[in-house]
Amino acid sequence: RIRRFAKAVPGYDYPSYHAMRCAVFSRVLAELDPVRAKAFHSVAERVEVDRIFAGEHFPYSVAAGRKVGEAIFEALSANPRFTADLR
(Lines give C-alpha, C1' and ligand atoms only; values in the text may rest on other atoms or scores of the structure.)
Protein backbone atom coordinates (compact mmCIF):
# COMPACT_ATOMS: atom_id res chain seq x y z
CA ARG A 1 0.00 0.00 0.00
CA ILE A 2 2.99 2.27 0.19
CA ARG A 3 4.01 3.81 -3.09
CA ARG A 4 7.21 5.65 -3.76
CA PHE A 5 6.52 9.20 -4.93
CA ALA A 6 10.09 10.23 -5.70
CA LYS A 7 12.36 8.56 -8.19
CA ALA A 8 15.92 7.96 -7.07
CA VAL A 9 18.55 9.40 -9.35
CA PRO A 10 21.63 7.22 -9.72
CA GLY A 11 24.55 8.66 -7.85
CA TYR A 12 25.71 8.83 -4.31
CA ASP A 13 23.91 9.00 -1.02
CA TYR A 14 26.66 10.01 1.38
CA PRO A 15 26.96 12.78 2.29
CA SER A 16 23.71 14.39 1.21
CA TYR A 17 24.39 17.13 -1.33
CA HIS A 18 20.95 18.65 -0.62
CA ALA A 19 21.79 18.95 3.09
CA MET A 20 25.15 20.51 2.21
CA ARG A 21 23.54 23.14 0.00
CA CYS A 22 20.79 23.85 2.51
CA ALA A 23 23.31 24.35 5.31
CA VAL A 24 25.35 26.79 3.23
CA PHE A 25 22.38 28.66 1.78
CA SER A 26 20.54 28.99 5.10
CA ARG A 27 23.67 30.36 6.77
CA VAL A 28 24.29 32.85 3.94
CA LEU A 29 20.67 34.00 3.96
CA ALA A 30 20.73 34.29 7.76
CA GLU A 31 23.77 36.56 7.48
CA LEU A 32 21.99 38.70 4.90
CA ASP A 33 18.69 38.83 6.82
CA PRO A 34 19.23 37.96 10.51
CA VAL A 35 15.61 38.68 11.40
CA ARG A 36 14.53 35.69 9.29
CA ALA A 37 17.43 33.41 10.28
CA LYS A 38 15.17 30.98 12.15
CA ALA A 39 12.88 30.66 9.13
CA PHE A 40 15.82 29.96 6.80
CA HIS A 41 17.14 27.26 9.11
CA SER A 42 13.64 25.75 9.42
CA VAL A 43 13.33 25.47 5.65
CA ALA A 44 16.75 23.80 5.46
CA GLU A 45 15.72 21.28 8.11
CA ARG A 46 12.45 20.60 6.28
CA VAL A 47 14.35 19.79 3.08
CA GLU A 48 16.56 17.39 5.03
CA VAL A 49 13.58 15.62 6.60
CA ASP A 50 11.78 15.45 3.27
CA ARG A 51 14.79 13.78 1.62
CA ILE A 52 14.76 11.11 4.33
CA PHE A 53 10.98 10.72 4.12
CA ALA A 54 11.16 10.32 0.34
CA GLY A 55 13.70 7.53 0.73
CA GLU A 56 16.44 9.46 -1.05
CA HIS A 57 18.84 9.63 1.91
CA PHE A 58 19.51 7.93 5.20
CA PRO A 59 19.55 10.12 8.32
CA TYR A 60 23.32 9.68 8.69
CA SER A 61 23.81 10.96 5.12
CA VAL A 62 21.80 14.08 5.88
CA ALA A 63 23.66 14.68 9.15
CA ALA A 64 27.00 14.32 7.36
CA GLY A 65 25.87 16.63 4.55
CA ARG A 66 24.82 19.24 7.09
CA LYS A 67 28.23 19.03 8.81
CA VAL A 68 30.05 19.42 5.49
CA GLY A 69 27.83 22.38 4.58
CA GLU A 70 28.55 24.03 7.92
CA ALA A 71 32.28 23.49 7.36
CA ILE A 72 31.99 25.01 3.88
CA PHE A 73 30.26 28.07 5.29
CA GLU A 74 32.90 28.43 8.02
CA ALA A 75 35.66 28.21 5.40
CA LEU A 76 33.90 30.81 3.27
CA SER A 77 33.49 33.05 6.30
CA ALA A 78 37.25 33.02 6.80
CA ASN A 79 37.69 34.46 3.30
CA PRO A 80 37.77 38.28 3.41
CA ARG A 81 36.45 38.57 -0.13
CA PHE A 82 33.41 36.44 0.74
CA THR A 83 32.65 38.45 3.85
CA ALA A 84 33.04 41.68 1.91
CA ASP A 85 30.59 40.40 -0.69
CA LEU A 86 28.12 39.56 2.07
CA ARG A 87 28.35 43.08 3.44
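User: How many aromatic pairs does the structure hold?

Analyst: In this predicted model, the structure holds three aromatic pairs. Rings are counted as paired if their centres lie within 6.5 Å, and planes under 30 degrees apart are called stacked, over 60 edge-to-face, and the rest tilted. Y14 and Y60, at 5.9 Å centre to centre and with 40° between the planes, form a tilted pair, whereas F58 and Y60, at 5.4 Å and 5°, form a stacked one.

User: Which parts does the pair of Y14 and Y60 tie together?

Analyst: Y14 lies in the segment before helix 1 and Y60 in helix 3 (residues 59-77), so their pairing ties together parts that are 46 residues apart in sequence. Together with F58, these two residues form one aromatic cluster.

User: Is Y14 buried or exposed?

Analyst: The cut-off for exposed is over 50% relative accessible area, and Y14, at 52% relative accessibility, therefore counts as exposed.

User: How should I read the arrangement of helix 1 and helix 2, parallel or antiparallel?

Analyst: Angles over 145 degrees count as roughly antiparallel. The axes of helix 1 (residues 17-32) and helix 2 (residues 37-53) come within 8 Å and cross at roughly 175°, and the two helices are therefore roughly antiparallel to each other.

User: Which residues meet where helix 1 contacts helix 2?

Analyst: From helix 1, H18, A19, C22, S26, R27, L29 and A30 take part, and they meet A37, F40, H41, A44, V47, E48 and R51 of helix 2. By class, this contact has eight nonpolar, three polar and three charged residues.

Note on methods:
Residues are numbered from 1 along each chain as its sequence is written. This is a predicted model: local features need pLDDT of at least 70, side-chain atom pairs count only at pLDDT 80 or more; totals for chains, interfaces and linings use all residues. Side-chain values use heavy atoms; hydrogens and water are left out. Axes are lines fitted to C-alpha atoms, for helices over the stretch in contact, and angles run from 0 to 180 degrees between N-to-C directions. Helices (H or I, at least four residues) and strands (E, at least two) are DSSP runs, numbered from the N terminus. Angles under 35 degrees count as roughly parallel, over 145 as roughly antiparallel, 65 to 115 as roughly perpendicular and the rest as oblique. Contact means heavy atoms within 4.5 Å. Ala, Val, Leu, Ile, Met, Phe, Trp, Tyr, Cys and Pro count as nonpolar, Asp, Glu, Lys and Arg as charged, and the others, Gly among them, as polar. Rings of Phe, Tyr and Trp (its six-membered ring) pair if their centres lie within 6.5 Å; planes under 30 degrees apart count as stacked, over 60 as edge-to-face and the rest as tilted. Buried means under 20% relative accessible area, exposed over 50%, partly exposed in between (1.4 Å probe, protein chains only).
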